[in-house]
Amino acid sequence: MRGEDWIELKFRLADGTDIGPSKYNQSMTVSSLKEKIISQWPKDKENTPKTVNDVKLINAGKILENNRTLAESRLPVGELPGMIITMHVVLRPPTLDKKSEKLQNDPPMKNRCACTIL
């Protein structure tokens, strides 16, 4: 394959640590890239993404869409040939997941409202 079909990326987590750098084919979808990030996620982190929907990738201030390829998502402004592109990784807050799980696992609340007519 030609050298220009590959780009070198690293992913900056919220705490400042990085995953990568690694080379990725530009025809890869953002969703597949997120799956790779989840598989390489550091085991010692408190919050770990479970699905690709838990992860947002940001490149040059733009949130990348899951169904687009890396070539379609690239913003060439500020990129120099042979440079490593840093993308920021943002996780969906875990409190939303815990809250929705709690609502699903708990029995429905009974109506405890009472009316008094005087």
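Some ground rules. The model is predicted, so local features need a pLDDT of at least 70 and side-chain atom pairs count only at pLDDT 80 or more, while totals for chains, interfaces and linings use all residues. Residues are numbered from 1 along each chain as its sequence is written, and side-chain values use heavy atoms, with hydrogens and water left out.

Confidence comes next. pLDDT is the predictor's confidence in each residue, on a scale from 0 to 100. The protein averages 79, and 71% of the residues score at least 70. The highest mean is in α1, at 92, and the lowest is in α3, at 50. Where pLDDT is low, the predicted coordinates should not be read in detail.

Now the sheet. Helices (H or I, at least four residues) and strands (E, at least two) are DSSP runs, numbered from the N terminus. Two strands pair if DSSP finds at least two bridges between them. On that basis 5 strands make an open sheet with mixed pairing, in the order β2-β1-β5-β3-β4. At the edges are β2 and β4 (62-63), each pairing on one side only.

Take the pair β1 and β2. Strand β1 covers residues 6-12, strand β2 covers residues 18-25, and 6 bridges join them in an antiparallel arrangement. Isoleucine 7 has tyrosine 24 in β2 as its bridge partner, and phenylalanine 11 stands opposite isoleucine 19 in β2. The two strands form a hairpin with 5 residues between them, and in the turn glycine 16 has a positive phi of about 95°.

Helix α1 lies across β1, β2 and β3, at about 115° to β3. That angle is between N-to-C directions, from 0 to 180 degrees, with axes as lines fitted to C-alpha atoms, for helices over the stretch in contact; contact means heavy atoms within 4.5 Å.

On to charges. A salt bridge here is a side-chain nitrogen of Lys or Arg within 4 Å of a carboxyl oxygen of Asp or Glu. How many does a search of the whole structure find? It finds 4 salt bridges.

One is between the side chains of aspartate 18 and lysine 10, at 3.5 Å from N to O. Lys10, Arg12 and Asp18 are linked in a network of salt bridges. For accessibility, buried means under 20% relative accessible area, exposed over 50%, and partly exposed in between, using a 1.4 Å probe and protein chains only. Aspartate 18 is partly exposed, at 32%.

Another joins the side chains of lysine 45 and aspartate 15, at 2.3 Å from N to O. Lysine 45 is in the loop between α1 (30-39) and β3 (55-59) and aspartate 15 is in the loop between β1 and β2, so the pair ties together parts 30 residues apart in sequence. Lysine 45 is buried at 19%, whereas aspartate 15 is partly exposed at 49%.

Aspartate 54 forms a salt bridge with arginine 92, with the closest N and O atoms 2.5 Å apart. This pair links distant parts of the chain, 38 residues apart: aspartate 54 is in the loop between α1 and β3, and arginine 92 in the loop between β5 (85-91) and α3 (94-105). Is aspartate 54 buried or exposed? Aspartate 54 is buried, with a relative accessible area of 7%, while arginine 92 is partly exposed at 38%. The side chain of aspartate 54 also reaches the backbone nitrogen of lysine 50 at 3.0 Å.

Conventions. A polar contact is a pair of N or O atoms within 3.5 Å; within protein, one must be able to donate a hydrogen and the other to accept it, and residues adjacent in sequence count only if both atoms are side-chain atoms.
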